[in-house]
Amino acid sequence: MAGVFITIEGVEGSGKSTQLARLSARIQRLGLPLVVSKEPGGTALGKELRRLLLEPHPSGEVWCPDAELLLFYADRAQHLHAVVRPALDEGKLVLLDRFEDSTRAYQGASGVPDGAMDRIGDLVLRRLKPHLTLLLDLDPEEGMARVAARNGAHGAFAETRFDQAALEFHRRVRARFLALAQAEPNRIAVVSARESPDQVEAALWSRVSPLLRSAGLGVD
Ligand code: TYD
């Protein structure tokens, strides 16, 4: 693998999309060969899986945690095969909106045992790891308030009704992300998403630019 592999992770409402756009723009301004993609849904087939995973089914049936896990990994296997590995082999910089740490955090919080993710993750990833993972950390209560505000008053009301259970879930997700970061402090950089967008952008760039420099990609 010759390229540089960076992933960005975070709980809902952490400003991940904004920061991903800002980071991509900075990298593009430097003229570096960049591929930006996301999981789930980074390939044509993956988009079908994304719809199956994230859109409620008219029947009301929901995926059991094991089936959900396998669908996320099917999406990842296809994405690695069709997009990520080819780009890295060509020496490009690959920037992904969510990757394996999301599975560890979200499916782990849904009750999937770590051992199951170890085994299937090994099979799908074949030891591929991001060089750097940017974790936007935020109290889920704040994140969900941001999402509610973005959706307007009606959305905020709709959201607060069912959201005690959701809040508990997102607290577990956050704790899992932070535990992953503690276990791999050299790979995962935790950045507080409470600061202003400009401050978060600067904090993320202070992690990314040394990596690009050490990979021989010219940065200021
Ligand atoms: P998305 O609309 O991309 O949300 P966000 O803006 O929060 O990234 O939806 C992705 C959802 O899928 C998000 O709730 C996290 C979840 N997810 C998992 O549960 N497991 C995974 O492995 C991945 C990649 C995502």
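The model is predicted, so to speak of local features we need pLDDT of at least 70, and side-chain atom pairs count only at pLDDT 80 or more, while totals for chains, interfaces and linings use all residues. Residues are numbered from 1 along each chain as its sequence is written, and side-chain values use heavy atoms, with hydrogens and water left out.

I start with the sheet. Helices (H or I, at least four residues) and strands (E, at least two) are DSSP runs, numbered from the N terminus. Two strands pair if DSSP finds at least two bridges between them. Here 5 strands form an open sheet in the order β2-β3-β1-β4-β5, with parallel pairing. At its edges are β2 (34-38) and β5 (188-192), each pairing on one side only. On average, neighbouring strands are turned by 20° against each other, direction ignored; axes are lines fitted to C-alpha atoms, for helices over the stretch in contact, and angles run from 0 to 180 degrees between N-to-C directions.

Now β1. Parallel pairing joins β1 to β3 over 5 bridges, and F5 has V94 in β3 as its bridge partner. Another 5 bridges join β1 to β4, also running parallel, with I8 partnered by L134 in β4. L134 in turn stands opposite A189 in β5.

How many residues of β1 are buried? The count is 7 of the 7, so β1 is largely enclosed by the rest of the structure. Buried means under 20% relative accessible area, exposed over 50%, and partly exposed in between (1.4 Å probe, protein chains only). V4, I6, I8 and G10 point one way from the strand, and F5, T7 and E9 the other.

Next, a helix on the sheet. Helix α7 (residues 197-214) lies across β1, β3 (93-97), β4 and β5, at about 170° to β4; contact means heavy atoms within 4.5 Å.

Last, the largest pocket. On a 1 Å grid over the protein atoms alone, a cavity is a set of points where a 1.4 Å probe fits but cannot get out; a pocket is an open set with protein on both sides within 12 Å along at least five of seven lines, and lining residues have an atom within 4 Å of a point. The largest pocket is lined by 39 residues, with E12, L53, L54, E55 and F72 nearest its centre. Helix α2 gives the most to this lining, 5 residues.
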